[in-house]
Amino acid sequence: MKQSRREFLVVAGATVAAGVLPLPVLAAGKMKIGIIGSGNVGGAIGASWVRAGHEVMFSSLNIEHDKELAARLGGGARAGTPREAAAFGEVVMVSVPYHALPAVGKDVGDLLKGKVVIDTNNPFLARDGETGKWALDKGAGLASMELLPGARIVRAFNAIGAAKMGAAYQEPGKVGMPIASDDAKAVEIASRLIREVGYEPVLIGGLEKGKYLMPGQPFAGERSAEEIRKIAAGLS
Ligand SMILES: NC(=O)c1ccc[n+]([C@@H]2O[C@H](COP(=O)([O-])OP(=O)(O)OC[C@H]3O[C@@H](n4cnc5c(N)ncnc54)[C@H](OP(=O)(O)O)[C@@H]3O)[C@@H](O)[C@H]2O)c1
């Protein structure tokens, strides 16, 4: 049913009154996004955000790789150091092997305080050693919060293989993206960016539930948003 302009303004006004930015505002305007870790996940998701019209700065330990990636993508893509990407981004995605997360916290943690940080990082014993064991014991969401104190963390892009991430925009909303966070405003901003990659975000709970978002855990694999909601309801 077509909405009249008056009806739209009433709905928008009620949304603002409820403390939520109205969708037309969120849907407009490009953002500056910093990416720390431009591998399988960072490269694929960053490319989708460039395609969506955002300014994206890629960073890693290999600036030459990031310059080549940015040149290949064109548009709003650029390369920088991790500190430059952390300073550049209104939103920053951190996507590194979990054993590197303490170093990222030391290198750029001061710049991430108060920023929305998308945490794709999953701990594994075999790959991440002592740090991985510590994070698995603590739970990945709470461990990331400890390593990046003051960041407004949203765990996302954890439970789906990177190989398909870059093509998700071709079938928008078909697959759901379970996310976990304690910060409602950060969820709102991250949700817009997740939709632009092609996934329908589903908040499954706070950061303490972030441990369920990884391979071998209940949310692993591609599912519809509806299926993810059912699994989340079964957890609580
Ligand atoms: N692959 C998947 O299917 C998948 C899916 C969901 C979530 N995840 C999780 O997401 C994270 C990234 O996975 P990935 O597959 O994209 O890994 P990846 O391909 O190995 O990429 C990791 C990136 O992190 C960079 N990096 C490493 N240490 C760094 C540091 N101290 N500072 C800045 N950058 C650093 C690497 O740079 P250099 O190349 O220069 O070392 C590389 O660009 C992991 O925690 C993974 O478990 C992976």
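**Entry 1: contacts and overall make-up**

Of the contacts with a separation of 6 or more, 67% are between residues 24 or more positions apart. The model is predicted: local features need pLDDT of at least 70, side-chain atom pairs count only at pLDDT 80 or more, and totals for chains, interfaces and linings use all residues. Residues are numbered from 1 along each chain as its sequence is written, and side-chain values use heavy atoms, with hydrogens and water left out.

I then noted the secondary structure, which comes to ten helices and eight strands. These are DSSP runs numbered from the N terminus, helices being H or I with at least four residues and strands being E with at least two.

Next I looked up burial, where buried means under 20% relative accessible area, exposed over 50%, and partly exposed in between (1.4 Å probe, protein chains only). Buried residues make up 48% of the 236 residues. The accessible surface of the protein is about 11,200 Å², and carbon and sulfur atoms hold 57% of it. Such areas come from the Shrake-Rupley method with a 1.4 Å probe; for residues, only the protein chains shown count as cover.

**Entry 2: confidence**

I checked pLDDT, the predictor's confidence in each residue, from 0 to 100. The protein averages 90, and 88% of the residues score at least 70. Over residues 1–28 the pLDDT stays under 50, and the model has 17 contacts beyond four places in sequence for this stretch.

**Entry 3: the ligand**

Which residues are the closest to the ligand? I found 26 residues around the ligand, the closest being Ser 38, Asn 40, Val 41, Val 96 and Ala 162. A residue counts here if one of its heavy atoms lies within 4 Å of the molecule. The shell divides into 13 nonpolar residues, twelve polar and one charged. In this division Ala, Val, Leu, Ile, Met, Phe, Trp, Tyr, Cys and Pro count as nonpolar, Asp, Glu, Lys and Arg as charged, and the others, Gly among them, as polar.

I also listed polar contacts, which are pairs of N or O atoms within 3.5 Å; within protein, one must be able to donate a hydrogen and the other to accept it, and residues adjacent in sequence count only if both atoms are side-chain atoms. A polar backbone atom of Val 41 is 2.8 Å from an oxygen atom of the ligand. For Gly 39, a backbone N or O atom lies 3.4 Å from a ligand oxygen atom. Thr 120 has a polar side-chain atom 3.0 Å from an oxygen atom of the ligand. Taken alone, the ligand exposes 900 Å², of which the protein buries 77%.

**Entry 4: Phe 157**

I found Phe 157 in the loop between β6 (152–155) and β7 (176–181). Is Phe 157 buried or exposed? Phe 157 counts as buried because its relative accessibility is 2%. Beyond four places in sequence, Phe 157 touches residues including Val 41, Thr 120, Trp 49 and Ile 194. The C-alpha atoms of Phe 157 and Ile 194 are separated by 8.6 Å, although the two are 37 residues apart along the chain. The phi of Phe 157 is near 60°, a positive value in a residue other than glycine.

**Entry 5: Asn 122**

Asn 122 is found in the loop between β5 (116–119) and α7 (125–138). Asn 122 has a relative accessible area of 10%, and is therefore buried. Its side chain is joined to that of Arg 155 by a polar contact of 2.9 Å.

I looked up Ser 59 in strand β2 (residues 55–59). Ser 59 is buried, because its relative accessible area is 0%. The side chain of Ser 59 reaches the backbone oxygen of Ile 35 at 2.8 Å. Its C-alpha atom is 5.1 Å from that of Pro 82, 23 residues away along the chain.

Asp 182 is found in the loop between β7 and α9 (184–197). Asp 182 is exposed, because its relative accessible area is 54%. A polar atom of the Asp 182 side chain lies 2.9 Å from the backbone nitrogen of Leu 207. Among the residues that Asp 182 touches beyond four places in sequence are Met 145, Ile 153 and Glu 208.

Note on methods: Contact means heavy atoms within 4.5 Å.
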